[in-house]
Structures are given as C-alpha cells and as structure tokens.
Amino acid sequence: MAKAPPVASYKLIKRTEQAQDTFELTFERPAGDFLPGQFISIIIPGAGPGGRDLRRAYSIASPPQFQGRFELSIKLVQGGPGTTYLNSLKAGDEIRGQMPMGDFIMKHPEDAPALFIGTGTGVAPHRAMVLSKNHPWQAPLGFLQGVRAEIDVIYPELFAADRPLPLRNAEHLKICLSRPADRDAWLRKPEGYVGRVTDYLRNEMQDWDWAKSHYYLCGSGPMIIEVEGWLMNDKGVSKTQIHKEAYFK
C-alpha cells in the first residue's frame with residue numbers, strides 16, 4: 001500500500017464564480033507532481049462532533065502542467081461542512097490537506113477510444129485529464145457534461161470554438177441539459193443537447209466503438225450506476241474498462 005502524502009498547507013490565490021452555486025478556488029501548489037483525476041483531502045477544522053476535524057475530498061480540476069497552482073471546482077451545498085468552510089475563504093487564507101490521493105486516473109491504452117461522462121462538478125477531474133499534456137490522444141474521444149440548466153454549466157471554454165486540444169478533435173462533445181431555460185436557443189448551439197447524458201448515450205452515439213473504449217464516469221452516483229449497468233449489460237463492456245468516482249449516492 002502506498003504511503004499517504006503528508007499534511008501540508010495551501011494558500012488560496014483567488015476565487016472565481018463559475019455557475020449558480022458553483023465556484024472555483026485556485027491555490028498555490030508546492031513542488032510535487034500528481035496524476036490527472038486525483039484529489040486533495042482537505043481538513044475541515046472543528047466541523048465534526050465535539051469540535052473534531054472532518055475530512056472532505058475534492059478532485060483537482062487543473063492538469064499537472066499548471067505549474068505553481070491547482071484548481072478546485074466547488075458546488076455549494078447548503079449546510080455542508082466542507083463547502084461552507086471553503087465558501088468562507090478569502091485570498092491569502094490557507095487550508096490544510098493531503099494531496100495527491102486517489103486512483104481515479106487515466107488507465108486506457110493509447111489506441112483505445114475514451115469517453116468522459118461527468119455530471120455537475122464531476123467534469124472537474126475530466127478537465128484535468130483531457131488537458132494533460134502527458135497523453136498522446138491518438139484515438140477517438142468523447143466528452144459529455146450533464147447539468148440541469150444553462151446557469152449550471154461550468155468550464156464552457158472546453159466546448160467553445162477555440163477549445164483546447166484534444167477536444168477540438170472530439171467526436172462527441174456535448175453539454176446535456178435536462179431542464180434548459182430556453183430549449184430552442186440551447187439546441188442551436190453546437191454543444192447543445194436537451195436530455196440527460198444517458199439519453200445522449202442511447203440515442204446519439206450509434207457510431208461509437210463501445211467494445212474497445214474506456215469510460216470515465218464522475219459525479220452523481222445514480223448516473224454512474226445506470227451508465228455502468230447499461231454499458232455492461234447492453235453493450236458488453238468489461239468492468240475493467242469502466243473507471244468511476246461517485247461524488248454522492
């Protein structure tokens with residue numbers, strides 16, 4: 001078993017509002033590498049029973065080549081001790097935690113297609129993965145973000161016309177809205193799709209090489225359970241090709 005990284009302090013550089021009830025925190029990053037998809041375990045001081053500290057895990061949303069900093073995308077949960085604490089921070093404040101941690105990392109061969117499916121802030125580790133300069137991206141790529149409405153979309157630059165490589169070559173690049181405020185306007189966008197990510201999988205990806213691909217699922221537990229079951233039972237995908245990180249059940 002790998003030794004856990006030591007507890008260290010990380011200074012907040014800035015806060016950026018991302019979407020409704022979602023914000024990004026950028027912290028100074030000391031020397032040390034991590035793998036795209038890994039997370040930081042943050043100590044939430046005095047938030048537990050009897051004033052004990054709690055731990056909360058947050059995926060690193062930035063790739064390793066962003067030297068000197070790392071980014072977290074935080075969904076504000078009313079009453080949640082982790083998000084309440086992080087929401088109170090101001091530039092210059094320090095947190096304590098351990099990083100890097102976790103094994104939700106890219107594990108597919110260079111010649112295997114990869115499909116990334118994230119709901120809510122579950123797109124954060126996927127962003128770190130696809131922006132990583134350490135993967136050659138020689139095979140087909142799909143990238144799906146699922147949220148409720150336009151005001152919930154994060155990292156829209158990943159879907160823009162001038163989006164970074166390798167997403168410019170993605171065969172399936174969509175933001176799936178389950179309840180858009182303006183359905184017609186959303187459907188006119190190249191990245192626009194109305195429905196859940198599971199609807200898009202079933203109805204819009206007939207050309208995908210299901211058997212050869214690897215799948216990275218992150219976010220809603222029910223979404224992950226549904227997609228994993230469908231891939232294995234309907235498409236014959238091996239469990240070893242499905243990589244997942246549930247944020248809530």
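Guide: Two strands count as paired if DSSP finds at least two bridges between them. The model discussed here is predicted.

Visitor: What makes β8 and β9 a pair?

Guide: Six bridges join β8, residues 141-147, to β9, residues 172-177. The definition asks for at least two bridges, so the strands pair. Their sense is parallel. Within this pairing, L144 has K174 of β9 as its bridge partner.

Visitor: What makes β7 and β8 a pair?

Guide: There are six bridges between β7 and β8 where at least two are required, so these strands also pair, in the parallel sense. I117 has L144 of β8 as its bridge partner.

Visitor: In what order do the strands of the open sheet lie?

Guide: The six strands follow the order β10-β9-β8-β7-β11-β12, with parallel pairing. From one strand to the next, the twist averages 15°.

Visitor: Why are β10 and β12 called edge strands?

Guide: Each of them, β10 at 192-194 and β12 at 242-248, pairs on one side only.

Visitor: How do you know that helix α2 packs on the sheet, and which strands does this helix touch?

Guide: Contact requires heavy atoms within 4.5 Å. Helix α2, residues 123-131, touches β7, β8, β11 and β12. The direction of α2 makes about 150° with that of β7.

Visitor: Why is β7 described as mostly covered?

Guide: A residue is buried when its relative accessible area is under 20%. Six of the six residues of β7 are buried. A114, F116 and G118 point one way from the strand, while L115, I117 and T119 point the other way. In a regular strand the side chains alternate between the two faces of the sheet.

Visitor: How do you know that the buried residues of α4 line one face of the helix?

Guide: In α4, residues 197-204, the buried residues are V197, T198, Y200 and L201. Seen down the helix axis, the buried residues of α4 fall within an arc of 160°, so they line one face. Among the elements that cover these residues are β7, β8, β9, β10 and α5.

Visitor: What value of the radius of gyration is set against that of a compact globule?

Guide: For 249 residues, a compact globule would have a radius of gyration near 18 Å; the protein chain has 18 Å, so the two agree. The C-alpha atoms fill a box of roughly 50 × 45 × 35 Å along the principal axes. Buried residues make up 53% of the 249 residues.

Methods:
Residues numbered from 1 in each chain as written. Predicted model: local features only at pLDDT ≥ 70, side-chain atom pairs only at ≥ 80, totals over all residues. Heavy atoms only, no water. Helix = DSSP H or I, 4+ residues; strand = E, 2+ residues; numbered from the N terminus. Axes fitted to C-alpha atoms, helices over the stretch in contact; angles between N-to-C directions. Rg over C-alpha atoms; globule rule 2.2 N^0.38 Å. Buried < 20%, exposed > 50% of the residue type's maximum accessible area, 1.4 Å probe, protein only. Arc of directions from axis to C-beta.
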